[in-house]
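Could you open the model in your viewer and keep the selection tool handy? We will take a short walk, one selection at a time.

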Amino acid sequence: MQEPEKTNLYLVPTPIGNLEDITLRAIRILKEVDVILAEDTRTSGKLLQHLGIEKRMHSHHLHNEHKATAHIVDRLKAGEVMALISDAGTPGISDPGFYLVRECLKNDLKIECLPGATAFVPALVKSGFSTDRFTFEGFLPIKKGRQTRLQSLAEEERTMIFYESPHRLLKTLTQFKEYFGGERMASVSREISKMFEETLNGSLDELIQIFTTKAIKGEFVIVVQGSK
């Protein structure tokens, strides 16, 4: 019987809030690999300590991803097995991971991505909007290309999902009103799976009014109903 092909790199989702939201398989993989590539070793160190895992960690984030990848690929080809984790959620979803995965595939290295936590799925399901077809837009460009992106989405019929930081939330909702219309329905979720988790639904006009007077804290997922 032929032995299964060895996995070189595991992409391991980590909790986005509640530390119980990690799979038994993810914990096992993190214990078994030789090295864990972490977006922020301090943040990930707290999680590993909570899970009782002692493992070598190397920093792998957006600012060093291109520079570090060639060295990582060489080590994987030499036989090391690694796991990539982000600060929260699934690696590669608005977090480092895409470039490393692409280079590993170019070098015929086997990759496994474990299923697990990601912020946009609960936000989408709780919004009440159609889940048959949707587009994940992540973070909009901060400056260059922002208006062009919004213009291209003005007639988008699928449900749209965005990530946003607290200090840009109100600006983004206001721009959505400008391009989509104030009557367009939307849902804003924050702190998913955490103690102060909250989801607010309403028209963009209503949500803008709410957040004009409401304290804006946490990380946000905005779900906007499609144009039809």
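This is a predicted model: local features need pLDDT of at least 70, side-chain atom pairs count only at pLDDT 80 or more; totals for chains, interfaces and linings use all residues.

Stop 1: Select residues 169-180, which form helix α7. Its end C-alpha atoms lie 16 Å apart, and that agrees with the 16 Å that 12 residues should span at 1.5 Å a residue.

**Stop 2: its buried residues.** Now show side chains for L169, T172, L173, Q175, F176, Y179 and F180, the buried residues of α7. Looking down the axis, you will find them on the same side of α7, because they cover an arc of only 160°. An α-helix has 3.6 residues a turn, so residues three or four places apart point the same way.

**Stop 3: the core.** In the largest nonpolar core, which has 20 residues, L173, F176 and F180 touch the most other members. Two or more residues each come from α6, β7, α7, β8, α8 and β10, with α7 giving the largest share, five residues. Centre on L173: leaving aside residues up to four places away in sequence, it touches V188, L204, L207, I208, F211 and I222.

**Stop 4: another core.** Apart from this core lies another of 18 residues; to find it, select I27, I29, A38 and L48, which are among them.

**Last stop: the helix end.** Return to α7 and step just past it to G181, where phi is positive, at about 100°.

How values were computed: Residues are numbered from 1 along each chain as its sequence is written. Side-chain values use heavy atoms; hydrogens and water are left out. Helices (H or I, at least four residues) and strands (E, at least two) are DSSP runs, numbered from the N terminus. The expected span of a helix is 1.5 Å times one less than its number of residues. Buried means under 20% relative accessible area, exposed over 50%, partly exposed in between (1.4 Å probe, protein chains only). The arc is that of the directions from the helix axis to the C-beta atoms. A nonpolar core is a set of buried Ala, Val, Leu, Ile, Met, Phe, Trp, Tyr and Cys residues joined through side-chain atoms within 4.5 Å. Contact means heavy atoms within 4.5 Å.
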